[in-house]
Protein chains: 2
Amino acid sequence: MIRKTLSGLLILSSVAAHAQQNLVKYVRPIIGTEKMGHTFPGATVPFGAVQLSPDTDTIPYEKNGKYNGEVYKYCAGYKYEDKTIVGFSHTHFSGTGHSDLGDFLIMPTQGPLQLNPGTANDPGSGFRSAFSHQNETSQAGYYKVKLDDHNITAELTTSQRVGMHQYTFPKSDESHIILDLMSGIYNYDDKNVWTYVRVVNDTLVTGYRQTNGWARTRTVYFAMTFSKPFKSYGQKNYDTRQVYRGFWGKFDQTKNFPELAGKRFRMYFDFSTAANEKVKIKFALSPVSQEGALRNLQQEVPGWDFEAVKKQAQDSWNKELNKIVVNTSENDKINFYTALYHAFVNPTLYMDTDGQYKGLDQNVHKAEGFNNYTTFSLWDTYRALHPFFNLLQPARNNDMVHSMLAHYDQSALKMLPIWSHYANDNWCMSGYHSVSVIADAVIKGVYKGDVNKALDACVTTARHRSYEGIGYYMDLGYIPAEKSGVSVSNTLEYAYDDWCIAQMAKRLNRNDIYEEFSKRAGNWKNNFDSSIGFMRPKLADGSFKKEFDILSTHGQGFIEGNSWNYSFFVPHQPEQLIEMMGGKKNFASKLDTLFTMHLPDKFFADTEDITREGIIGGYVHGNEPAHHVAYLYNWAGQPWKTQQRIRMILKMQYKPTADGLGGNDDCGQMSAWYMFSSMGFYPVAPGSEQYALGSPSVKNAVIKLENGKSFEVEAINQSDKNVYVQKVLLNGKAVENFTLNHSDILKGGKITFYMGSKARK
Amino acid sequence: MIRKTLSGLLILSSVAAHAQQNLVKYVRPIIGTEKMGHTFPGATVPFGAVQLSPDTDTIPYEKNGKYNGEVYKYCAGYKYEDKTIVGFSHTHFSGTGHSDLGDFLIMPTQGPLQLNPGTANDPGSGFRSAFSHQNETSQAGYYKVKLDDHNITAELTTSQRVGMHQYTFPKSDESHIILDLMSGIYNYDDKNVWTYVRVVNDTLVTGYRQTNGWARTRTVYFAMTFSKPFKSYGQKNYDTRQVYRGFWGKFDQTKNFPELAGKRFRMYFDFSTAANEKVKIKFALSPVSQEGALRNLQQEVPGWDFEAVKKQAQDSWNKELNKIVVNTSENDKINFYTALYHAFVNPTLYMDTDGQYKGLDQNVHKAEGFNNYTTFSLWDTYRALHPFFNLLQPARNNDMVHSMLAHYDQSALKMLPIWSHYANDNWCMSGYHSVSVIADAVIKGVYKGDVNKALDACVTTARHRSYEGIGYYMDLGYIPAEKSGVSVSNTLEYAYDDWCIAQMAKRLNRNDIYEEFSKRAGNWKNNFDSSIGFMRPKLADGSFKKEFDILSTHGQGFIEGNSWNYSFFVPHQPEQLIEMMGGKKNFASKLDTLFTMHLPDKFFADTEDITREGIIGGYVHGNEPAHHVAYLYNWAGQPWKTQQRIRMILKMQYKPTADGLGGNDDCGQMSAWYMFSSMGFYPVAPGSEQYALGSPSVKNAVIKLENGKSFEVEAINQSDKNVYVQKVLLNGKAVENFTLNHSDILKGGKITFYMGSKARK
């Protein structure tokens, strides 16, 4: 009877699988590709190591010896407004405000060989091609476009570590695949430190590319196979100088020469193609070695069935998307599932199938008992993305914390990551927010490793006196304005991070640490100028800096924000902030002013990374520092304003169009904000179990937890007008304080919001 | 009684050990450091991976945008005629005619920190120091010098993979160790591709250096420990540009910052020192990783006893030197043991203690069952050095053949090494002489691997049509002069190499290969112009090139030699060459002319790599192509002339002084020629078991073979005047044909030369 039982189980699991809805159809990777979203439209799988996507331009970092502002536009390599595609490269950031990557650009062409990309205005001048959005399909895990100049249809899909290309050629004896080893995002003359290529046989090429970009010391290895042998191949070397050229006389190294190396070269592979013949490429990446890339390729995509790989990619997305089933308008489903998609693009897997990866110390390590991840945009993502992972992806977030602690172990500085990618830290932005991510994972029981060791890493990082004014901060309780251009935002963010450490220490009964960091957690008060009611830079002598503009974001002591937004950045102690700002009423009225003020024009020009539409009154949603601010009305006794503001932000800042994002998606932080807020709750202070309630925009959402339980959000009487919460029940019991605990969600159950068109004061 | 037996054995082996003579005292590494020898005076162990030696200058490759001829002088980093030392670096070629290496220059200084090397004319302008040869000691495995400007005594020794420095400082609060990561031999702006350094703690630093020099893609990893903690440290970065400098604001990266990377920077470490305080450094190299370097360091030199490491180094030399015990004049003992020393510097060990190394394919490999070597200067060393190894170092030569075959396996080109070092082939010089080395090792029973596989690798290499005219050579039997500037030397060298393949094939009963390559072995005839009696470039139409100068070395179809020297390059078929040159008498008289002619001055200016003294008549000993020529008189029926010429060359070309070498030592080839010839025999055609007899200059030599047997050379009635051999006995039996077989030597025994002052015609 065992047989019968087993087959019974099989049927059940099969039914469960089929119960999954097709949610991939709601994902529009194209959202955010216009203006400031900085997302990419190409193919990737959840948290995949490969992001195979079209680049519409590869702007050099400098123009006539000066910084070229255009470079910023191309953080993701693709701009919706562009008319030509240069090729398809294998690594892309999603939504960042700084650029890098764009490795291994591939372009199929036919006709006389062209090895220069040509210009956007005259695509015929090079290998690039015109395209139109009519002939473009961008889905989760799949991208397709017609390359008009070459009459070639390009299709892309991926597994975790392998990009798969399928190019449908016309009949031609001059079909080519260009492998551009010079191209890259954030490109400049010296970015390509070294490139090495081995043509192993007529279908296999391996090598590596070493760059000095945003990641200072970065090497990506590859293995590339063709579905049919090339007829011939070659290279053109653009190095200005290669001192020892003695051996160039021994061989013709430009044609059919299999051992290539240099700083700047492009390769090509020639084919004859029949009409509509498909030439496919599998292109695997590895952080470790050519052999690792080849092993990844063989293990992940052994065959040549493009449709099967595409299906696997889309199935893997569908599995992730089905973790939340929402009932909402069709447009909002598009917004929601695209947000879910964007939230699950980063961090990215950073290890071979055998667990090996290159560490921050540039040594090869093996991830034992966890999957190693990279691309940690922590100043952005500690706020809502990692808390979202603690809800939806606890196993992965556990791995991510393990990855951050491995980074710490490998750090000669003995610091947790700040903004790390590909075995490098670029130390971008402020704070030491790994601490928040770790504390949230520890407090919520997600991190399964040695929690005391994790706490020690946080403490060591937070005591790193030589980093960004920490020494002053430790000695004085603030950073003197003379010593740092971002003295106030640093103090505010350190204070919050310190509170996170204190919470963790409390949980682990490490009282000395709890006390030390609880004290530090109050340091934000040192920058609060009660005479004006705003956070303000303080000089070494203890006086506040005289020249000061609460609206400007430049030179005022803040990073990516002004005092108006940053003055509310005390997510861990809102009650005390309210008190210092003159009590609940004054505080709420100050929030009102923020959301309704009329900003002078110059302010818009000033603000980084966001469109004009990314600002509501003086509230900047396109940057992160104020992401929690709308929820602070709850503490000021006016939760209905939280509800109204949240619904307004959801509506104004997220649209199902290419230009639908009001600012950089920032590796999923903007998307995570959207999902939390549209489900009616938000983690104002990660490191706490508590969520603040807002106003759900969905009618219903069912969250399927990794522990097998489900948590349902229901909004009774939901509509665009009914933005005000009349009543909240958790499993039938009234919730009075507009909070929800993470542990309550984990138990499974249901929260019911009763909505109405009038504020319930 | 077991105890007694054991202790008896111990005494015996102890006696055997003590029976070794102190031969290290005859080694003068300084020989060849002046003029063209290109040897280095520093410390190394036999075939060691580290060559720790002073650099007197590091000349940039270019001067005012043009090639700087001076760069050639500094192939070994040290010129005896220089007055200052820039520092001590860890890798050096010995005797090459092209340069590279010079990695990780260390200089101890005191007083105000100087991070520029300064100039030779004004050493006080930088960290370099004046020195004098009076205060310099250069021994096998040990080097010492007083650095006058800093009042510091520097001592160097090494293990296989670790360089050990001992610096005796004066009392100073401003003592420094400079680690110059920009300096290098064959230096130019772009040579430093990338450098990465990690200051792990206050006594340990690790990192790597990646260069694009003569080796195109080369990375050397290091681990460096100090015997006492440094007080502080820092760097100066000389990169013209580093695009992303955002993080420079986060830290002061110039001081006490432990994670460094860039193209060009120098580091310093600060100490306070008492009078005569010794600060020691252990500096380990690895071809694989920082961890590998650290493991090498810990395993090879766990302690800090400089004298013990020095003793171990010198003991290891003494063990090798005692393999031949010669009785000869004191000066000739110096010449002989210095030659033995120089012969055992290269090839160099190229793997970590765990057997891992980086292969030609840039992948990490593990040497299974052999030690992996690099630095194969095969155009030079196939002639006498590898045959010398087959006699004295068969186990190591077996490993070297294994290393060459591993190179072949890793080669995308499917070629055996031409001139390979550090996981690269620079394809320098002509021929495919790996084939000769392999054939000689197979024929002499030294190579213990799969001989058929070895033969296949030789055949595949020799059939590589796209390499240096091989296709033409295969089709036409020669290389048309229109197609190559070195068409004749290539044809001659290929023909000899092909003969080697044929000999190996014959031994292995591979008859098709034997026939194919026996035929090719006669191709030298196609370049012999019988109308003038010289080798001469031939055009594609089969006619000889009209404009032709038999004396010039440039543009005449030869590499590093003229037709006069190269026309005798048929080492494998001298009888046939003699016939084509008009019989024995004409041939001998042509040899006479070669040795006695008066060259026009312009010829000296023309000839590369050698001093004027490196030429005898028209015979060029300082370059290799004619190294066998003096022995050809044997075949022409005038062996007494071989005897006389050999003794003359020994005397004129090798002197126990800094300027004692008439040309580049060429990784030991010149030295191997010296040792063979001074013992009275020489391998005219490696790939054959046969040696040609010359005239020994020693009174007696005892060769201790690895098989436990000894072979003795005795010269009765030896003197400077008695250069003519009257009679030769092998184990008491007369030798009539002036040859000696390798197998006869292996059996052990004695060859006795009876010498006299008159030629025995």
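What follows is a short talk about helices, strands and a sheet in this model.

Trainee: What should I know before I start reading?
Mentor: This is a predicted model, where local features need pLDDT of at least 70, side-chain atom pairs count only at pLDDT 80 or more, and totals for chains, interfaces and linings use all residues. Residues are numbered from 1 along each chain as its sequence is written, chains are lettered from A and ligands numbered from 1 in the order in which they are written, and side-chain values use heavy atoms, with hydrogens and water left out.

Trainee: How do I read a helix pair, say H5(B) and H19(B)?
Mentor: Start with the elements: helices (H or I, at least four residues) and strands (E, at least two) are DSSP runs, numbered from the N terminus. Axes are lines fitted to C-alpha atoms, for helices over the stretch in contact, and angles run from 0 to 180 degrees between N-to-C directions. Here, the axes of H5 (residues 330-343) and H19 (residues 669-678) of chain B come within 8 Å and cross at roughly 130 degrees. That makes H5(B) oblique to H19(B); angles under 35 degrees count as roughly parallel, over 145 as roughly antiparallel, 65 to 115 as roughly perpendicular and the rest as oblique.

Trainee: Is the crossing of H5(B) and H19(B) left-handed or right-handed?
Mentor: A crossing is left-handed if the near helix is turned anticlockwise from the far one by less than a right angle, and right-handed if clockwise. H5(B) passes H19(B) in a left-handed crossing.

Trainee: Which residues of H5(B) and H19(B) meet?
Mentor: Contact means heavy atoms within 4.5 Å. From H5(B) you have B:Asp332, B:Asn335, B:Phe336, B:Ala339, B:Leu340, B:His342 and B:Ala343, and they meet B:Ser671, B:Tyr674, B:Met675 and B:Ser678 of H19(B). By class, this contact of H5(B) with H19(B) has 6 nonpolar, 4 polar and 1 charged residues. In that scheme, Ala, Val, Leu, Ile, Met, Phe, Trp, Tyr, Cys and Pro count as nonpolar, Asp, Glu, Lys and Arg as charged, and the others, Gly among them, as polar. As for the spacing, an α-helix has 3.6 residues a turn, so residues three or four places apart point the same way.

Trainee: At what angle do H10(B) and H13(B) pack?
Mentor: H10 (residues 451-462) and H13 (residues 511-521) of chain B pack at about 45 degrees, with their axes 12 Å apart. That makes H10(B) oblique to H13(B). H10(B) passes H13(B) in a left-handed crossing. On the H10(B) side the contact uses B:Leu455, B:Val459 and B:Ala462, and on the H13(B) side B:Ile513, B:Phe517 and B:Arg520. The contact of H10(B) with H13(B) divides into 5 nonpolar, no polar and 1 charged.

Trainee: Now strands. How many bridges join E35(B) to E38(B)?
Mentor: The general idea is that two strands pair if DSSP finds at least two bridges between them. E35(B) is joined to E38 (residues 749-756) of chain B by 6 bridges, and the two run antiparallel. On E36 (residues 733-734) of chain B, E35(B) has 2 bridges, again antiparallel. B:Leu729 has B:Thr752 as its bridge partner in E38(B) and B:Ala734 as its partner in E36(B). In the hairpin of E35(B) and E36(B), with 2 residues between the strands, B:Asn731 takes a positive phi near 50 degrees.

Trainee: Why is E35(B) called largely enclosed?
Mentor: Buried means under 20% relative accessible area, exposed over 50%, partly exposed in between (1.4 Å probe, protein chains only). In E35 (residues 724-730) of chain B, 5 of the 7 residues are buried, so the strand is largely enclosed by the rest of the structure.

Trainee: Which strands are at the edges of the open sheet in chain A?
Mentor: The sheet has 9 strands in the order E8-E9-E10-E11-E19-E15-E14-E13-E17 (chain A), with antiparallel pairing. The edge strands are E8 (136-139) and E17 (259-262) of chain A, each pairing on one side only. Neighbouring strands of this sheet are turned by 15 degrees against each other on average, direction ignored.
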